[in-house]
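Okay, thanks for coming, everyone.

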Amino acid sequence: MKTKAAVLLENSTEFEIRELDIDEPGVGEVQIKFVASGLCHSDLHLLDGDLTPRYPIVAGHEGSGIIEKVGPGVTKVAPGDHVVCSFIPSCGTCRYCSTGRQSLCDLGANAVLGTFPDGGTRYHGDGLDFGSLCMLGTFSERATLSQHSVVKVDDWLPLETAVLVGCGVPTGWGTAVYAGGVRVGDTTVIYGIGGIGINAVQGAVSAGAKYVVAVDPVAFKRETALKFGATHAFASAADAAEKINEITWGHGADQALVTVGVVDEEVVQNAFDAVGRGGVVVVTGLAAPEKLTVHVSGAVLTKFEKTIKGTMFGSGNPHYDIVRLLRLYDKGDLKLDELATKTYRLEDINQGFRDLKDGKLIRGVILHDQ
C-alpha cells in the first residue's frame, strides 16, 4: 500500500512530502486511513533539535481515522471502526498498565525514537526505512499501527474534532485534574496557553478552581483562555504573581502548571515561586533532555512542603480518558470545536508549523481529504 507522508530527514529544516510504502498489518497490528492529524509543539521539537529521533521519520502523534485492515490476533478493533490514536500505547498488562498508569506503558519505550518494540519500522521508501513518531506517524494518509495505539470511539462523533483528544486535550486536562489535583476552591496558574495549556484551563475549571490564572505573552491566547473559563490572564509571570498574591491573601497558588512550548529554568522558578505552602508545580512542557531546567531552593522546597512533578499524557489512562473526554464533549461539558484555530492540507504542513511558532494557533489540524 502506498501513502503520501510528511517526513523529516537528518538535518531537515522543514517537512518534505514523499510517497512511501507501508507494511501490511502483522500480528496485533492494524492499518488505518487517517482523517485528521493535529499540529503539536512536540513535533516541532524534532525540527528544533530538542528531541532526537531515529531518522528518517514520519512525524505526527495526534491522529484520528478509520480502521481499514486488521492483522492476526487483533481483538480491540475491526475494519470500519472509528478510532483516535494514543501517542502512548497501552498494553494493559505491564507493570505500569496493571497498576493504572497506562501513560507509562512499557510499549512507549521507543516512542520518540520512532521504532516498534521489535526494533522495526512500518514505513519504507527510496531504499530507506522510515520511523514513525510515537509508533504512529500521523502526518501520513495511511499507517500500520499497533492495536495498543488506537482507541475505538463513537462513530457519530466528527473525527476532525475527536482527533484533539489524542494528545493536547487529555495532556492539558489531566495536568490540572490528575497531576495537579485541582480541587474545588483552588487557585491555579497556568504558564503557556497553547494546545495543552488551554486544556489545562478547561481541566482546572472542570475541577472547580475558584481562580484560574493564565500567563502568555500572546494577546490572542490570553483572550482565548478567558473564553475557556480563566478568571485572569496576564502577559508576564510578574503581573500574574502580583495578582495571585492579592486574590489569595498572600497564600499563593495551589497549583502552577507549566505548559509552555519549551520549558526553561525561568518559567519553572516562576511557577515554584507562585505556589504557596504545600503547593504543586507540574511540568508538562518539554526541553532538550540534556538541559537542566529545574533549579530551585531545596530549603524552600522542604520548609514549605512544595512539590515539583512531571506528567506524561496528563497522568491519564488513554483507553479510559480518550473515551471519557469525548463523552464530556458530546454532553456539552468540554469545548473541542473551539480549539481548532485553522485547518491545513498535508502539503501545507510547513505553513502550519510556522503559524504555530508565530503564536497564531491554539491548535492547527491537518485534514487529509481536504
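Methionine 135 sits in the loop between strand 8 and strand 9, and its phi is near 60°, a positive value in a residue other than glycine.

Quick housekeeping. This is a predicted model, so local features need pLDDT of at least 70 and side-chain atom pairs count only at pLDDT 80 or more, while totals for chains, interfaces and linings use all residues. Residues are numbered from 1 along each chain as its sequence is written, and side-chain values use heavy atoms, with hydrogens and water left out.

For the cut-offs: rings of Phe, Tyr and Trp (its six-membered ring) pair if their centres lie within 6.5 Å, and planes under 30 degrees apart are stacked, over 60 edge-to-face, the rest tilted. Searching the whole structure turns up 5 aromatic pairs.

What else does helix 10 do? Its axis and that of helix 1 (residues 41–48) come within 11 Å and cross at roughly 100°. Axes here are lines fitted to C-alpha atoms, for helices over the stretch in contact, and angles run from 0 to 180 degrees between N-to-C directions. That makes helix 1 roughly perpendicular to helix 10; under 35 degrees would be roughly parallel, over 145 roughly antiparallel, 65 to 115 is roughly perpendicular, and the rest is oblique. His41, Asp43, Leu44 and Asp48 of helix 1 touch Phe353, Leu356 and Lys357 of helix 10, where contact means heavy atoms within 4.5 Å.

The peptide bond from tyrosine 55 to proline 56 is cis, with omega near -5°.

Now the barrel: 5 strands close up in the order 1-2-7-8-4, with mixed pairing. Strands pair if DSSP finds at least two bridges between them. Strand 2 (residues 16–22) and strand 7 (residues 123–125) run antiparallel, joined by 2 bridges, and aspartate 21 stands opposite histidine 124 in strand 7.

There's also an open sheet of 6 strands, ordered 13-12-11-14-15-16, with parallel pairing. Its edges are strand 13 (232–234) and strand 16 (307–310), each pairing on one side only. On average, neighbouring strands of this sheet are turned by 15° against each other, direction ignored.

Which helices pack on the sheet? Helix 3 touches strand 14 (253–258), strand 15 (275–283) and strand 16, and its direction makes about 145° with that of strand 15. Helix 4 touches strand 11, strand 12 and strand 14, making about 170° with the direction of strand 11.

Terms used:
Helices (H or I, at least four residues) and strands (E, at least two) are DSSP runs, numbered from the N terminus.
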